[in-house]
Amino acid sequence: MDSPRDTPRSLSESSPIDVLHVDADPEFAALVAAALERECEHITVHTETDPRVAVDRVRRDGPTFDCVVCDYDMPDLDGLDVLASVRAEYPELPVILFTANGSEEVASEAISAGVTDYLRKGDDTSRYQLLANRVENAVERYRASQSLNRGLAAIENATDAVCILGDDGGIEYANAACTELFGYERAELLGRHWEAFYPDDDVQAVYDSVLPEAREGQWSGQSSLVRKDGSLVDVEHTLTSTADGSLVWTLSRVSKRDRLETKLSRRERAIDEAPIGVVLTDPDQADNPIVYVNDEFTDITGYSRDEAVGRNCRFLQGEETDEAAVAELRAAVDEREPVTTELLNYRKDGTEFWNRVRIAPIFDDGSVDLFVGFQDDITPRKTYERLLRSNTARLEALFEHSPDLVVVHDDDGTIQDVNQRMCEELGYSEADLVGKTIWDLDPTSDPERSRAFWTGLPANEPHRFEGELERQNGTTFPTEIHLIQLNVEGEHMFVAMIRDISEQKEREAELVEQNERLDRFASVVSHDLRNPLQVAMGRLEMLQDDCDSDHLDAIDRALDRMDDLISDLLVLAHNGNDAMEVEPVGLADLARACWQNVVTDGATLVIETDAVVDADRDQLQQLLENLFRNSVEHGSDDGDVTVTVGETDRSFFVEDDGPGIPEDDRDTVFEAGYTTSPEGTGFGLNIVSQVAAAHGWEVAVSEGAEGGARFDFRVD
């Protein structure tokens with residue numbers, strides 16, 4: 001036998017439905033069970049073939065069945081007898097007659113007896129689908145009725161008063177609790193308008209605010225309502241609108257204790273939400289202990305309420321807490337006076353924080369009841385103040401002890417402040433200088449031009465220029481000035497940092513004179529020396545035509561060496577005088593062009609790079625030609641030397657397979673005059689070094705892959 005489920009039902013259509021089917025024919029009963037469960041998967045059929053057993057089962061397990069389906073023509077008890085027995089126990093339990101031997105008379109009698117539905121059996125399966133639908137519909141109505149009845153019973157027995165107000169404001173329903181709350185009998189409440197329960201002064205406010213809000217959805221609040229005997233009762237009540245326009249009015253009595261606790265609870269919630277720490281202490285207890293702290297206090301200090309309550313506030317103090325500030329607090333508490341101070345306190349984890357404490361007494365009937373303390377974490381402000389003081393001290397030290405002369409003046413040129421270095425350099429005291437104008441000290445400055453310059457100077461952007469200062473004794477010296485405009489509390493102030501550049505100017509003058517000497521030297525070399533050299537070379541050619549002598553070749557070599565010396569000296573004299581024009585230069589093309597400009601005899605050039613170098617083309621040409629000439633001049637005796645130009649990750653190189661440069665000489669090869677060839681001038685590699693330095697390159701000498709000399713130029 002199947003066991004009916006005994007779990008609660010829901011109103012959902014897909015909820016399980018337990019059906020008790022009563023039919024004397026076992027085979028037909030099994031067919032009905034299978035058909036119903038196939039038509040509706042949430043229907044479970046429990047079968048009984050003996051109607052008496054079925055009735056006993058309903059009496060015993062009735063609440064677990066959702067519906068009874070019963071045949072009419074059965075032995076001992078017919079379907080109407082089963083209906084009567086079921087309804088005697090469960091008046092609302094659905095009962096459906098499903099029979100083959102029915103008649104109009106049976107149907108009429110069944111309906112009169114209160115059967116839920118009447119359905120005749122048939123041969124086609126559509127009858128079972130119809131039966132399943134009838135079962136579902138009957139169970140749905142039954143469950144809805146049960147739910148409604150339970151809801152009404154709950155409302156009727158609720159401890160809160162519940163009323164339903166109609167469109168006209170009259171009470172249409174009132175539960176039992178309403179009679180106790182208002183003192184009326186239920187019959188007296190029905191039809192009574194809600195205005196009867198409000199004091200006259202409150203009625204208009206209900207119309208203006210309570211009802212509109214309730215019509216929009218819901219209103220809740222507290223009110224004092226009028227009972228039948230004229231007394232007032234304090235209630236918490238809610239008005240909720242319904243779909244048909246009625247209002248559901250629920251009310252619960254509020255005692256004096258409840259009102260006081262609500263008021264205190266609201267105040268406590270307000271204090272807990274305060275953005276500062278709040279502490280209450282009780283001076284009537286020993287050591288004035290804490291009796292209350294809010295949430296912000298626990299956040300600031302790291303202590304929980306339980307850890308703070310019962311202790312004196314001094315538990316926040318520590319080694320670095322200022323005793324004078326603590327004494328001030330104690331004195332104010334002893335005198336029952338308010339006080340505000342700032343303390344260095346300690347959190348639970350031991351970290352320091354600055355606490356701005358404000359304490360005030362709370363009086364009750366003329367005596368101090370409690371002390372309230374407000375605590376602000378002002379650590380960020382204190383940190384900023386300490387940083388500001390530190391920065392100010394450093395700036396003042398920098399101002400006073402700067403090696404530069406520092407002057408602060410306004411936009412009219414009047415000096416507002418000077419440092420000690422300014423006083424020492426000019427021979428004035430600070431009092432002498434403050435109040436003077438800039439043009440009192442700088443004879444090169446013009447007041448109108450200076451003011452116009454200051455007006456156009458962007459704020460906070462330093463500007464560099466040169467000037468001159470005059471000492472008290474009348475002597476002057478050149479200066480380099482870095483001027484910046486600052487906005488100080490709405491006023492334009494100018495800070496000038498001044499440096500004595502007398503030595504720099506002297507060096508510049510020396511360089512000018514040196515360049516002039518170099519120009520004169522270059523002129524002598526290019527004209528006074530080269531002209532007679534050219535004459536000598538011309539005469540030698542004519543002499544070679546007139547006679548034959550072993551001395552003529554020696555003279556020719558000497559003249560060629562003199563010509564090379566003059567060329568290199570001119571390069572050295574002019575190198576760096578002309579402005580460099582740096583541009584991307586293809587290393588391979590320039591190397592091939594330079595190779596054509598050098599007497600290479602039987603030497604070979606190999607290009608292993610397509611790198612592009614940012615360089616001054618003319619100076620890079622001098623560098624390559626001197627390196628090529630050096631490789632050829634110091635190569636093998638038969639001139640069979642290979643020169644390679646290549647690149648690495650951060651440099652390019654020039655190397656040959658000649659005899660190379662001894663390791664002991666590699667530190668001196670770039671010095672002027674160094675050469676190992678009787679035909680060398682000693683200036684070629686020095687020119688290479690100067691060109692590299694002018695470009696900011698590093699040059700290094702090492703041994704080549706084939707044992708010759710290698711020059712690496714790091715260009716990044």
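**A helix across a sheet**

Guide: Let's start with helix α20 (residues 587-596), which lies across β22, β24 and β25 and runs at about 175° to β22. Helices (H or I, at least four residues) and strands (E, at least two) are DSSP runs, numbered from the N terminus. Angles run from 0 to 180 degrees between N-to-C directions, and axes are lines fitted to C-alpha atoms, for helices over the stretch in contact. Contact means heavy atoms within 4.5 Å.

Visitor: What kind of model is this, and how are residues numbered?

Guide: This is a predicted model: local features need pLDDT of at least 70, side-chain atom pairs count only at pLDDT 80 or more, and totals for chains, interfaces and linings use all residues. Residues are numbered from 1 along each chain as its sequence is written, and side-chain values use heavy atoms, with hydrogens and water left out.

Visitor: Which other helix lies across β22, β24 and β25?

Guide: Helix α21 (residues 617-633) lies across β22, β24, β25 and β27 (709-714), at about 25° to β25.

Visitor: In what order do the strands of that open sheet come?

Guide: The order is β22-β24-β25-β27-β26, 5 strands with mixed pairing. Its edge strands, β22 (604-608) and β26 (698-703), each pair on one side only. From one strand to the next, the twist averages 15°. Two strands pair if DSSP finds at least two bridges between them.

Visitor: How many bridges join β24 to β25?

Guide: There are 5 between β24 (residues 642-647) and β25 (residues 651-656), which run antiparallel. Thr644, for one, has Glu655 in β25 as its bridge partner.

Visitor: Back to β22. Is Ile607 there buried or partly exposed?

Guide: Ile607, which sits in strand β22, counts as partly exposed because its relative accessibility is 22%. Buried means under 20% relative accessible area, exposed over 50%, and partly exposed in between (1.4 Å probe, protein chains only).

Visitor: What does Ile607 touch?

Guide: Leaving aside neighbours within four places in sequence, Ile607 is in contact with Ala588, Ala591, Arg592 and Val645. Ala588 is 19 residues away from Ile607 in sequence and 6.3 Å away in space, C-alpha to C-alpha.

Visitor: Switching topic: how many residues of β1 are buried?

Guide: In β1 (residues 17-22), 6 of 6 residues are buried. Ile17, Val19 and His21 point one way, while Asp18, Leu20 and Val22 point the other way.

Visitor: And which strand is β1 joined to?

Guide: β1 is joined by 6 bridges to β2 (residues 43-48), and the two run parallel. Val19 has Val45 as its bridge partner in β2.

Visitor: What about the hairpin of β16 and β17?

Guide: Strands β16 (residues 405-410) and β17 (residues 415-418) run antiparallel, with 3 bridges. The hairpin has 4 residues between the strands, and Gly413 takes a positive phi near 90°. Val408 has Asp417 in β17 as its bridge partner.

Visitor: How many helices and strands does the protein have?

Guide: It comes to 22 helices and 27 strands. Of the 716 residues in the protein, 40% are buried.
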